[in-house]
Amino acid sequence: MSTPTLSTEERLYRRAVLLVIADRRCRITMLQRRFAVGYTIAARLAERMQADGIVGPFDRDLFGYPAIVDAVPDHLVLPA
């Protein structure tokens, strides 16, 4: 059985989720720097994580979005 190929965008999202869970927060500037992407792509990643329940709403005290999960959801685990 062959493993479906993930798009570049999906791989980036999954890597960003791993980073956010490890750091316990999601900051747009962190995503920009770590993945060498612009503001728009980083903001889209953060918005998608919020929609997927990975992070909560923006928190000014954290300068970002707090992570609300402790582990990567099963559907986001990268294939080996």
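Cys26 touches Val20, Leu31, Ala46, Met49, Val55, Gly64 and Tyr65, leaving aside residues up to four places away in sequence; here a contact means heavy atoms within 4.5 Å. Keep in mind that this is a predicted model, where local features need pLDDT of at least 70, side-chain atom pairs count only at pLDDT 80 or more, and totals for chains, interfaces and linings use all residues. Residues are numbered from 1 along each chain as its sequence is written, and side-chain values use heavy atoms, with hydrogens and water left out.

**The core**

- The largest nonpolar core has 23 residues, and Val20, Cys26, Leu31 and Met49 touch the most other members.
- A nonpolar core is a set of buried Ala, Val, Leu, Ile, Met, Phe, Trp, Tyr and Cys residues joined through side-chain atoms within 4.5 Å.
- Buried means under 20% relative accessible area, exposed over 50%, and partly exposed in between (1.4 Å probe, protein chains only).
- In soluble globular proteins, nonpolar side chains tend to be buried together.

**α1 against α3**

- Helices (H or I, at least four residues) and strands (E, at least two) are DSSP runs, numbered from the N terminus.
- The axes of α1 and α3 come within 10 Å and cross at roughly 70 degrees; axes are lines fitted to C-alpha atoms, for helices over the stretch in contact, and angles run from 0 to 180 degrees between N-to-C directions.
- That makes α1 roughly perpendicular to α3 (under 35 degrees is roughly parallel, over 145 roughly antiparallel, 65 to 115 roughly perpendicular, and the rest oblique).
- On the α1 side, Glu10, Leu12, Tyr13, Ala16, Val17 and Val20 meet Ile41, Leu45, Arg48 and Met49 of α3.
- The residues in this contact of α1 with α3 split into 8 nonpolar, no polar and 2 charged (Ala, Val, Leu, Ile, Met, Phe, Trp, Tyr, Cys and Pro count as nonpolar, Asp, Glu, Lys and Arg as charged, and the others, Gly among them, as polar).

**α1 against α2**

- α1 and α2 pack at about 125 degrees, with their axes 11 Å apart.
- That makes α1 oblique to α2.
- Leu12, Arg15, Ala16, Leu19, Val20 and Asp23 from α1 meet Met30, Leu31, Arg34 and Phe35 from α2.

**Two loop residues with positive phi**

- Arg24 sits in the loop between α1 and β1 (25–26), and its phi is near 70 degrees, a positive value in a residue other than glycine.
- Arg24 is partly exposed, with a relative accessible area of 38%.
- Phe63 lies in the loop between α3 and β2 (65–66), with a positive phi of about 55 degrees although it isn't a glycine.
- Phe63 is exposed, at a relative accessible area of 66%.
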